[in-house]
Amino acid sequence: MRPTPVLATLTGRDRPGVTAAFFAALAAHDVDVRDVEQGVIRERLTLSVLVDLRGDSAALRKSIARAAEALGMACEIVVADDADRAGSALFAGLNGSRSHVVVLGHPLRSGAVGHIAQLIADTGGNIETVSQLSTAPVSALELVVRTPDDGGALQAALVEAAPHAGVGLAVEHVRLRRSAKRLVAVGLGLLVEAPDPLERLAEHHGLAAQSAALAARAAAGELSRSEALRAHAGLLAGLPADHLDAIRDRARPVPGAQRFVSTLRRLGYQVGAVTTGVGAVALPVLGGLGVDLIAGNELEIVDDVLTGALVGEIVDDRTTVDALARYADQQAVPRSQTVAIGDGRHDRGLLSSAGLAVAVTARPDVPFFDDVLFVLGITGDERS
């Protein structure tokens, strides 16, 4: 006999033994459990169980109703036979995939949560569960979201939205949830404070106006990132390479970066930095932090003079994906065990390629390093 799907939902005041009593009522019948969801908010419980029943649905209704009455709770029972054609999708197999989305705030404002929830809906996602992970030192919600595809569109949209919503976001496919993370790639600007070398060198060359014009054209979409980089480098042809030293001297680690990197390395993580800009000016600082995997653009130097060219392939939003893949290959780490951390504005390519993407709000008043360690499950007493 073909089984009949039945959805039973119990609501009321929570107390020990409710779940056990409810499943004892189900156990008196020939049922297979297909799906379970339970949540408690301020001692109010909602428990939903979807089962396949072989037998009399009326008898199951009576058993559940008696159990609910004994518990002093309300129940709702929907049998597939009762559902109209429009409602039958309730019992159909679900397609697509699930992603875990962690939303972090200091504090976490309702408007920001609403903005993220609307964005999930706009990308075709459906929030299945929401749970509070913590209220201190950071407010954090975890959402389980079902999407009609592999979750890539959701991840890209949330990463881009994070800085506008003023929250931190971590997105991970459910099937990767239990993968140990071993390689962390961080957007360079989150680790090192340094002047933009292209802009500063252009100033040294008396070409600040031309540099600003290129930046404006790139911001307006008239130039791609790679075209703007090549044009900026071209402005610098003939400039003595030692002008880079003055910019290196002004580079500083972001407050908290040393503790962050030290904690990760002590716990066995490999840590890399990625930038779509020029990375050479940050090399001494990164070395001091203990970051030994670095990807960025390099200005060509011949006879101690900048030639106006870049060395090798340009690192841009597209090729940061390749940079992370190279890191992973060098360290023999599967892509599922990689973490990318960026600000959502400049690191979209990097964030789109990792097993776990963490988009942070990089502001002086927001301790995002602690947020990232929280997402990775690293507790206070494990931090360097």
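This is a predicted model: local features need pLDDT of at least 70, side-chain atom pairs count only at pLDDT 80 or more; totals for chains, interfaces and linings use all residues.

Q: OK, F22 then: buried or exposed?
A: F22 counts as buried, because its relative accessibility is 0%. F23 is partly exposed, with a relative accessible area of 26%.

Q: How many aromatic pairs are there?
A: Two aromatic pairs. The rule is that rings of Phe, Tyr and Trp (its six-membered ring) pair if their centres lie within 6.5 Å; planes under 30 degrees apart are stacked, over 60 edge-to-face, and the rest tilted.

Q: And which kind is the pair of F22 and F23?
A: It's edge-to-face, because the ring centres are 6.4 Å apart and the planes sit at 85 degrees.

Q: Switching to sheets. What is the order of the four strands in the open sheet?
A: The order is β2-β3-β1-β4, with antiparallel pairing. Strands pair here if DSSP finds at least two bridges between them. Helices (H or I, at least four residues) and strands (E, at least two) are DSSP runs, numbered from the N terminus.

Q: Which strands are at the edges?
A: β2 (31-41) and β4 (74-79), each pairing on one side only. Further in, β1 (residues 4-13) and β3 (residues 44-53) pair in the antiparallel sense over 10 bridges, and T11 stands opposite T46 in β3.

Q: Which strands does α1 lie across?
A: Helix α1 (residues 18-27) lies across β1, β2 and β3, and runs at about 20 degrees to β3. Helix α2 (residues 57-71) packs on the sheet too, touching β1, β2, β3 and β4. Angles run from 0 to 180 degrees between N-to-C directions, and axes are lines fitted to C-alpha atoms, for helices over the stretch in contact.

Q: What about the nine strands, what's their order?
A: They form an open sheet with mixed pairing, in the order β6-β7-β5-β8-β17-β16-β9-β12-β13. β6 (126-134) and β13 (293-297) stand at the edges with a single partner strand each, so one side of each has no neighbour in the sheet.

Q: Over how many bridges do β9 and β12 pair?
A: Strand β9 (residues 183-187) and strand β12 (residues 270-278) pair over five bridges, in the parallel sense. L183 stands opposite Q270 in β12.

Q: Which residues of α11 are buried?
A: In helix α11 (residues 320-330), they are T320, A323, L324, A325, Y327 and A328. Their cover includes β9, β12, β13, β16 (338-342) and α12 (348-351). Just after α11, A332 takes a positive phi of about 55 degrees.

Q: Last one: at what angle do α6 and α7 pack?
A: Helix α6 (residues 208-219) and helix α7 (residues 225-235) pack at about 175 degrees, with axes 10 Å apart. That makes α6 roughly antiparallel to α7. For that label, angles under 35 degrees are roughly parallel, over 145 roughly antiparallel, 65 to 115 roughly perpendicular, and the rest oblique.

Definitions and conventions:
Residues are numbered from 1 along each chain as its sequence is written. Side-chain values use heavy atoms; hydrogens and water are left out. Buried means under 20% relative accessible area, exposed over 50%, partly exposed in between (1.4 Å probe, protein chains only). Contact means heavy atoms within 4.5 Å.
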